[in-house]
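Me: I have a structure open and would like to go through it slowly with you. Could you help me read it?

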Amino acid sequence: SMSNSARTDTPGGGTLSTVARAIAAAPDAVTCASFLLLWIAPTALGPDAVRGALLLMIVEFLLIHATAMLGGTLEARRGDGRSPMPALLLFGALYLGMVGAFALAFGQWWPLAAMGWLLLGKLRTLRGADGGEAARQQRKDDWALSMMAYLGGVVATSLLPLPRLGLQPDVVATLGLPGSGQWIESPQTGIAFGALYFGFLAWAKWRGIRLPRSNTAVPDRQD
């Protein structure tokens, strides 16, 4: 049908589709590569890079929630003709406050910049609220894939035996990781999780992955 042939998010799309998918996947691919580098060489991106990467995964969880809320708000407000700006400012202030609290706890300001970087990877998801039905469905798929990847990644990296690589105990002792817990005591689990999670998102966006759904139509009533 025409609606199927017009889709530009399939792997078999044209040049424009390929460029769009590459742009959508690039931020997550760069983040994935950074996590892999830190797993091998923990101080390659600076002495506080591992601490920052672990905090990044906490910020990402907040943004998964924020993306769903903001996207739904944009869609609902544009649907009834109201300006989405007041709600966007409110949600923005709320999540900015949350990230700011984490920044204070870790004694670093950069999580606020990290929030902006992670939002860059979610532009397609938020933009879907302004598009047609296909764009809205892609927004929902992107959110669902992010949530499944996050929860699945947490479970998998918590249970699987992961090599320390560059994160040997003597190196970890010099990183100044605050608090306690598995990510602090065995930071390779959090770093591997970040690499797995962002790698999956980059692959899903590059491939234009869509969740399966029923094509069964509701039959017309016969009077």
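Me: Which helix is Val155 found in, and how far is its C-alpha atom from that of Phe193?

Reply: Val155 belongs to helix 7, and although Phe193 is 38 residues away along the chain, the two C-alpha atoms are separated by 9.3 Å.

Me: Okay, new topic: which residues touch the most other members of the largest nonpolar core?

Reply: That core has 26 residues, and Phe35, Ile191 and Tyr197 are the ones that touch the most other members. The elements giving two or more residues to it are helix 2 (15-40), helix 3 (49-79), helix 7 (133-159) and helix 10 (187-207).

Me: And what is Ile191 in contact with, leaving aside its neighbours within four places in sequence?

Reply: Ile191 then contacts Phe35, Leu38, Trp39, Val50, Ala53, Leu54 and Leu167.

Me: Where is confidence lowest, and where is it highest?

Reply: The chain's mean pLDDT is 75, with 62% of its residues reaching 70 or more; confidence is lowest in helix 1 (residues 2-5), at a mean of 37, and highest in helix 10, at 94.

Me: How many contacts beyond four places in sequence does the model have for residues 216-223?

Reply: It has zero such contacts for residues 216-223, where pLDDT stays under 50. Where pLDDT is low, the predicted coordinates should not be read in detail.

Terms used: Residues numbered from 1 in each chain as written. Predicted model: local features only at pLDDT ≥ 70, side-chain atom pairs only at ≥ 80, totals over all residues. Heavy atoms only, no water. Core = buried A, V, L, I, M, F, W, Y, C linked by side-chain atoms within 4.5 Å. Buried < 20%, exposed > 50% of the residue type's maximum accessible area, 1.4 Å probe, protein only. Helix = DSSP H or I, 4+ residues; strand = E, 2+ residues; numbered from the N terminus. Contact = heavy atoms within 4.5 Å. pLDDT = per-residue confidence, 0-100.
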